[in-house]
Amino acid sequence: MIIEEDDEEEKDDEEYDGDVEEIDNNDEEEVNEEDDEEEMDDDEEEEDVDEEVNEEDDDENNEEEEEEEEKDDDGDEEDDDEEVNEEDDDENNEEKDDDGSFGMGEVFVVDSQATPNLVPPKQRNKGTYLLYTLLGLALFGVVVEGVLIYRLYQRISTQIPPEAAQHFKQIGENNTRGDAYSKEISPPLPTPKTDDTKPAAFLHYNHFLKSDVMQWNFQGFPTLMHHFNYSNGSLIIPKDGFYYIFSKVSFKTCSIFKHEVKLNSSRYSHRAISFMTDMRCSCVEPTKSQEKGIQFSSYMGGVLKLYKTDKVFVSVSNHSNLTGSPSENFFGGFMI
């Protein structure tokens, strides 16, 4: 019995040892797998590093090749310079042979690898900004002045009559066509249109005709008779309307002198009616320097509503007291 138990214990120990070995083997396999994975990761990192190193080497090689190419270009330029210098030497030698004297050609050394001196940018000071500000203000003022001139021109152009505007335009065209020595005379400005049908009269006194009604000269300069009729010292109204009637006489007397403008109308049974009267009473003895005496004058004027065929005339108290030239005694009127 003891032997059997021992055998069983040995079997159990063997089985336990087998299990332990299997567990150990499994652990070793897992550890080996982890080591393999770590080695693979390390290999990949090494490959990446190698690639980066290779790329840097390639860049350096490219830079070296570019530098070599630049050096080759510089060498070509130096060769060209040497050829030019040789040609200059040959020319100098020829001059030496001709003149019998020795001449050296000029040698120019060009450093192609020298770095250019960079000029620092100019710094704008406060004076520059002030200058720009003043220039901007000046331009702004010019623009504002142009706008004001344009508005003023538009306002004036609307107030100028079309005839005057056409005349100014014609003057401008003549000035552009003519030269500085042109003597072309521009036409006068057109006169504003007036109503030529309005009657007007201006008469001078006629000393040779004596009557109760003053007589007038209605023909010749400077008298005027326009659309009025004249009959026996009276102006005959041609049409109904408002008229300004005036009269002036000069006289010399020491008694009462009466100056009247009268109306003769069918509305008043052709009876003369005085609508303007001036009565004077002046008597001044003349001094030695006034041998002809002192002259007085009377002027009257007024607006009347007159009708066709009405007659207007002037009357004085004594014709013998009238004095002065015809231009100092006048009578007239015009329609307003």
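Aspartate 310 and arginine 267 join their side chains in a salt bridge, with 3.3 Å from N to O; the term means a side-chain nitrogen of Lys or Arg within 4 Å of a carboxyl oxygen of Asp or Glu. Aspartate 310 sits in the loop between strand 9 (296-306) and strand 10 (311-316), and arginine 267 in the loop between strand 7 (256-264) and strand 8 (273-281), so the pair ties together parts that are 43 residues apart in sequence. Please keep in mind that this is a predicted model, where local features need pLDDT of at least 70, side-chain atom pairs count only at pLDDT 80 or more, and totals for chains, interfaces and linings use all residues. Numbering starts from 1 along each chain as its sequence is written, and side-chain values use heavy atoms, leaving out hydrogens and water.

**Salt bridges**

- The search of the whole structure turns up 4 salt bridges.
- Within the pair described above, aspartate 310 is buried at 1% relative accessibility, while arginine 267 is partly exposed at 41%; buried means under 20% relative accessible area, exposed over 50%, and partly exposed in between (1.4 Å probe, protein chains only).
- Glutamate 260 bridges to lysine 262, and their closest N and O atoms are 3.6 Å apart.
- Aspartate 278 pairs with arginine 280 through a salt bridge of 3.3 Å, N to O.
- Aspartate 278 is buried, at 15% relative accessibility, whereas arginine 280 is partly exposed, at 28%.

**Around serine 298**

- Serine 298 belongs to strand 9 and is buried, with a relative accessible area of 1%.
- Its side chain makes a polar contact of 3.0 Å with the side chain of histidine 259; such a contact is a pair of N or O atoms within 3.5 Å, and within protein one must be able to donate a hydrogen and the other to accept it, while residues adjacent in sequence count only if both atoms are side-chain atoms.
- Leaving aside residues up to four places away in sequence, serine 298 touches Ser247, Lys248, Val249, Phe251, His259, Asp278 and Arg280, where contact means heavy atoms within 4.5 Å.

**Aromatic rings**

- The structure contains 11 aromatic pairs, meaning rings of Phe, Tyr and Trp (its six-membered ring) with centres within 6.5 Å.
- Phe202, Tyr244, Phe246, Phe330 and Phe334 are joined into a cluster by ring pairs.
- Lysine 305 lies over the face of phenylalanine 242, 5.0 Å from the ring centre; a charge sits over a ring if NZ of Lys or CZ of Arg is within 6 Å of the ring centre and within 35 degrees of the ring normal.

**Overall architecture and confidence**

- The protein has 3 helices and 11 strands, which are DSSP runs numbered from the N terminus (helices H or I, at least four residues; strands E, at least two).
- From the N terminus on, the order of elements is α-α-α-β-β-β-β-β-β-β-β-β-β-β.
- Of its 336 residues, 20% count as buried.
- Among contacts with a separation of 6 or more, 68% come from residues 24 or more positions apart.
- The mean pLDDT, the predictor's confidence in each residue from 0 to 100, is 77, and 60% of the residues reach 70 or more.

Conventions:
Phe/Tyr/Trp six-rings, centres within 6.5 Å; stacked < 30°, edge-to-face > 60°.
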